[in-house]
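Let's take a friendly walk through this model, from its aromatic rings to its inner space. Please keep the structure open beside the text as you read.

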Amino acid sequence: MQSVSNEKYTYYQFAKEQSLPIYIRLRVAEFDPEVVGFLQVMNFTELSEKEGESAQQTIATSQMAKVLTIDEATPMVASQIRSNFQDDKYGMESIVQKPGYNVYRYKNMAMIVLSLASNEWLMGTFPEFGHTNKEYECRVVINRYLSWALAPMGIAGFWGRKLKEGIVLGRMNEVKGEVVFIDVRNRTLFSKRESVSLKNSEVFIKIDPLHKSSPARMRFEDAQAFLAIHSSYFGANGMPLAIRQVVATIAKNFHSYKFAISDLSQELN
């Protein structure tokens with residue numbers, strides 16, 4: 001996936017104000033101009049050249065650091081991204097385990113090669129990455145990256161959206177690929193564009209079309225299953241222990257409710 005361009009990489013840091021060592025680097029000129037705005041919406045901050053050099057040091061020395069290098073796909077990688085595979089019957093996404101690494105593909109959009117033992121991951125995609133017309137697919141791909149990169153820190157992602165009533169979880173397509181990341185240890189909630197404090201009173205909401213009465217609290221077992229189903233972690237071997245522990249902690253320490261659609265101040269879509 002290596003690019004032949006001589007342009008320097010620009011570094012972007014996720015939730016910079018929280019000092020998380022999670023980065024994306026790309027050569028901006030290779031992609032649609034809207035990619036910069038897209039990354040900003042995804043809570044990534046562009047780093048100066050000096051900050052980029054500091055990020056390289058962090059990536060080289062910190063066990064928790066991760067960087068996703070995004071390059072325009074080579075002809076061979078582009079062909080793989082577009083190809084029809086047997087796994088396509090399960091959806092646009094697939095992940096295949098290889099000796100020492102995994103290969104993730106979002107058909108017709110991107111391919112990522114990742115290894116949890118490495119701090120540097122590679123992604124091949126097309127020049128239109130980040131364009132408004134591809135926003136949903138791009139959002140899913142980047143949220144998958146974040147879900148893998150943040151998991152070793154005990155930060156779990158859930159398909160959902162932060163509304164006035166609480167954190168509403170839904171299917172990936174229902175919430176347009178948006179993810180809410182929860183850092184229970186540091187009491188932080190990461191959503192699109194921002195990071196805020198995780199309040200003790202925060203609630204997780206399941207929209208139930210059959211539920212017609214006032215909001216009803218879910219039992220621990222039901223809440224745990226509800227959270228696990230909506231995890232944004234996608235792995236060849238399922239959900240890792242760190243994420244399962246976060247799910248159990250949230251189910252135990254925060255309330256989850258069933259809501260009728262009419263109980264929300266705004267619709268998910």
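## Aromatic pairs

Rings of Phe, Tyr and Trp (its six-membered ring) count as a pair if their centres lie within 6.5 Å; planes under 30 degrees apart are called stacked, those over 60 edge-to-face, and the rest tilted. One aromatic cluster is formed by Phe14, Phe44, Phe181 and Phe190. This is a predicted model, in which local features need pLDDT of at least 70 and side-chain atom pairs count only at pLDDT 80 or more, while totals for chains, interfaces and linings use all residues. Residues are numbered from 1 along each chain as its sequence is written, and side-chain values use heavy atoms, with hydrogens and water left out.

By the ring rule, the count comes to nine aromatic pairs. Take Tyr104 and Trp148: their ring centres are 5.2 Å apart and their planes stand at 75 degrees, so this pair is edge-to-face. Because Tyr104 lies in strand S6 (residues 101–106) and Trp148 in helix H4, the pair ties together parts that are 44 residues apart in sequence. Helices (H or I, at least four residues) and strands (E, at least two) are DSSP runs, numbered from the N terminus. Tyr104 is buried, with a relative accessible area of 0%, and Trp148 is buried at 2%. Here buried means under 20% relative accessible area, exposed over 50%, and partly exposed in between (1.4 Å probe, protein chains only).

Phe204 and Phe254 make another edge-to-face pair, with 6.4 Å centre to centre and 80 degrees between the planes. Phe204 sits in strand S14 and Phe254 in the loop between H6 and S16, so parts that are 50 residues apart in sequence are tied together. Phe204 is buried at 1% relative accessible area, and Phe254 is buried at 2%.

Which residues of H5 are buried? They are Ala223, Phe226 and Leu227. Seen down the axis of H5, these buried residues fall within an arc of 95 degrees, so they line one face of the helix; the arc is that of the directions from the helix axis to the C-beta atoms. The face turned away from the buried side of H5 carries the exposed residues Glu221 and Ile229. Among the elements covering the buried residues of H5 are strand S9 (155–162), strand S10 (167–169) and H6.

Ser231 is found in the loop between helix H5 (220–229) and helix H6 (241–253). With 8% relative accessibility, Ser231 counts as buried. Leaving aside residues up to four places away in sequence, Ser231 touches Gly157, Phe158, Trp159, Met239 and Ile243, where contact means heavy atoms within 4.5 Å.

## A loop residue, Lys176

Lys176 belongs to the loop between S10 and S11, and at 39% relative accessibility Lys176 is partly exposed.

## The cavity

The structure holds one cavity of 30 Å³ or more. A cavity is a set of points, on a 1 Å grid over the protein atoms alone, where a 1.4 Å probe fits but cannot get out; lining residues have an atom within 4 Å of a point. About 100 Å³ of space lies in the largest cavity, a volume being the space filled by probe spheres set on the points, which are joined across faces, edges and corners.

Its lining has 14 residues, with Met42, Asn143, Val179, Ser191 and Lys192 nearest the centre. Helix H4 (135–150), strand S11 (179–183) and strand S12 (188–191) are the elements that each give two or more residues to this lining, and H4 gives the most, with three.

Terms used: On a 1 Å grid over the protein atoms alone, a cavity is a set of points where a 1.4 Å probe fits but cannot get out, and a pocket is an open set with protein on both sides within 12 Å along at least five of seven lines; lining residues have an atom within 4 Å of a point.
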